[in-house]
Amino acid sequence: MGIPTIGISIVREYTEKVKPPRTIFLRWPFGHPLGEPFNIAQQRAVLAEAFKALYSISTPGEIIDLPFRWKREKYRDDVVEGLKDLGR
C-alpha cells in the first residue's frame, strides 16, 4: 500500500490526458488552484474537499467537479470541522 495522493486541477483537459489517481477540479482562473488570494475560508473549503476525496474516490483516474464559484460564494471558516470524523 502506498501513500494516497490527490490532485487539484484547474485545467480539466490536461488532467484527463495525464490521468492522475484522483483529482478534484475547479473552474477557476489559471494559477489559483486553492482560490482567491487571502480568502482563507475559501482555501480551507478546497482543501477540505480534497481530503474528503481521498476517502471517497474509489476508481483510479476519477475526477470530482467541485461546485465552488470564483468570487461568488460565501465560505464558512469552520469547514475544517467536518474533517475530524474522517480520521477515525
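I take helices to be DSSP runs of H or I of at least four residues, numbered from the N terminus. I note at the outset that the model is predicted.

**Entry 1: helix α1**

I looked up Glu13 and Lys17, and both lie in helix α1, four residues apart, about one turn of the helix. Their side chains form a salt bridge, with the closest N and O atoms 3.5 Å apart.

Arg12 is partly exposed at 25%, and Glu16 is partly exposed at 40%.

Asp65 is partly exposed, with a relative accessible area of 42%. My search of the whole structure gave four salt bridges. Those that share partners join Arg12, Glu16 and Asp65 into one network.

**Entry 2: the sheet**

I traced an open sheet of three strands, in the order β1-β2-β3, with parallel pairing. β1 (7-9) and β3 stand at the edges with a single partner strand each, so one side of each has no neighbour in the sheet. From one strand to the next, the twist averages 25°.

I recorded four bridges between β2 (residues 22-25) and β3 (residues 62-65). Among the residues across this pairing, Thr23 has Ile63 as its bridge partner. The chain passes from β2 through helix α2 (residues 40-56) to β3, and I note that this β-α-β crossover is left-handed.

Arg22 stands opposite Glu62 in β3. Helix α2 packs on the sheet and touches β1, β2 and β3, its direction making about 145° with that of β2.

**Entry 3: the core**

I looked up the largest nonpolar core, which has 14 residues. Those with the most contacts inside it include Ile24, Trp28, Val46, Phe68 and Tyr75. Helix α2 gives the most to this core, with five residues.

I then listed what Tyr75 touches, leaving aside residues up to four places away in sequence: Trp28, Ala41, Gln42, Ala45, Phe68 and Arg69.

Notes
Residues numbered from 1 in each chain as written. Predicted model: local features only at pLDDT ≥ 70, side-chain atom pairs only at ≥ 80, totals over all residues. Heavy atoms only, no water. Pairing = 2+ DSSP bridges. Helix = DSSP H or I, 4+ residues; strand = E, 2+ residues; numbered from the N terminus. Right-handed = clockwise from strand over helix to strand, strands pointing away. Axes fitted to C-alpha atoms, helices over the stretch in contact; angles between N-to-C directions. Contact = heavy atoms within 4.5 Å. Core = buried A, V, L, I, M, F, W, Y, C linked by side-chain atoms within 4.5 Å. Buried < 20%, exposed > 50% of the residue type's maximum accessible area, 1.4 Å probe, protein only.
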